[in-house]
Amino acid sequence: MKIYQADSYLSMCRKAANIISAQVILYPRSVLGLATGSTPLGIYRQLIEWYRKGDLDFTEVTTFNLDEYAGLSPDHPQSYRAFMNENLFDQININRVQINFPDGTTEQIQAECSRYDDLIRSKGGIDMQLLGLGHNGHIGFNEPGIAFEKETHYVQLSESTRQANARFFSEGESVPDHAFTMGIKAIMQAKKILLAVSGSSKATILKRALTGPVLPEVPGSILQLHPDLTVVADTDALSELLKA
Ligand code: GLP
């Protein structure tokens, strides 16, 4: 495991964007696993800036997003696809047909999960997976207690996750209670993992994830076992770890 300490959110984002850029420059046909949430926003802004300067080309890149809310169509403003369109895809030259999400609207739940896993495999697997960390240790939407063996699956979201994500929804609009997510097994099959973490509110869970016992109660703890994990975090997020 490599840990990069950044002194601010912005420099954390710059470091993470540098690592993703290196991947795309060295391997233009990379398969990237992407994440939503607030943490990656600055990373995406930095990638867009470098793309605009002519330093990056995404035409041959394929992406798989980690998760999607159940019941939200791709054009729903709070769907993760809409989030990614707004914050990254609409502003770079990625080929639309190479962008992949679980279909949140399907009723064929099992078939959709298998389709997503098969599609990832058919592209040769994920070369680099970007991850954030939920306050309860979740990665993607793999909530505490979920078996490590799962590939893409359908999950019930915990109340704390729904509350944490309510800020993206308008007042009175309810956060979906289910989602599709790549499972821990699918995430762990990525060749490289880049975990980005920011802020003092993540300090305790980051320490538990990186140095505590590897348990389904802290889904992110499984990352300790990945052979190529890079953690990029700001000083606030690392504050508990640095005390040790
Ligand atoms: C959501 C996403 C996760 C993300 C997490 C943390 O639940 N499904 O992929 O890592 O939020 O988000 P934030 O970066 O906003 O703290």
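**View 1. The neighbours of Q23.** Q23 touches S30, L32, D127, M128 and K192, leaving aside residues up to four places away in sequence; contact here means heavy atoms within 4.5 Å. This is a predicted model, where local features need pLDDT of at least 70, side-chain atom pairs count only at pLDDT 80 or more, and totals for chains, interfaces and linings use all residues. Numbering starts from 1 along each chain as its sequence is written, and side-chain values use heavy atoms, with hydrogens and water left out. Q23 sits in helix α1 (residues 9–26); helices (H or I, at least four residues) and strands (E, at least two) are DSSP runs, numbered from the N terminus. Q23 counts as buried because its relative accessibility is 5% (buried is under 20% relative accessible area, with a 1.4 Å probe and protein chains only).

**View 2. The open sheet.** Its 7 strands run in the order β1-β10-β9-β6-β2-β3-β5, with parallel pairing. At the edges are β1 (2–6) and β5 (99–100), each pairing on one side only. Two strands pair if DSSP finds at least two bridges between them; β1 and β10 (residues 229–234) have 5, in the parallel sense. K2 has T230 in β10 as its bridge partner.

**View 3. Around the ligand.** The ligand is surrounded by 14 residues, and the closest are S38, T39, D67, R167 and K202 (near means a heavy atom within 4 Å). A side-chain N or O atom of D67 is 2.8 Å from a ligand nitrogen. R167 puts a polar side-chain atom 2.7 Å from a ligand oxygen.

Methods
Buried < 20%, exposed > 50% of the residue type's maximum accessible area, 1.4 Å probe, protein only. Polar contact = N/O pair within 3.5 Å; in protein donor to acceptor, adjacent residues only side chain to side chain.
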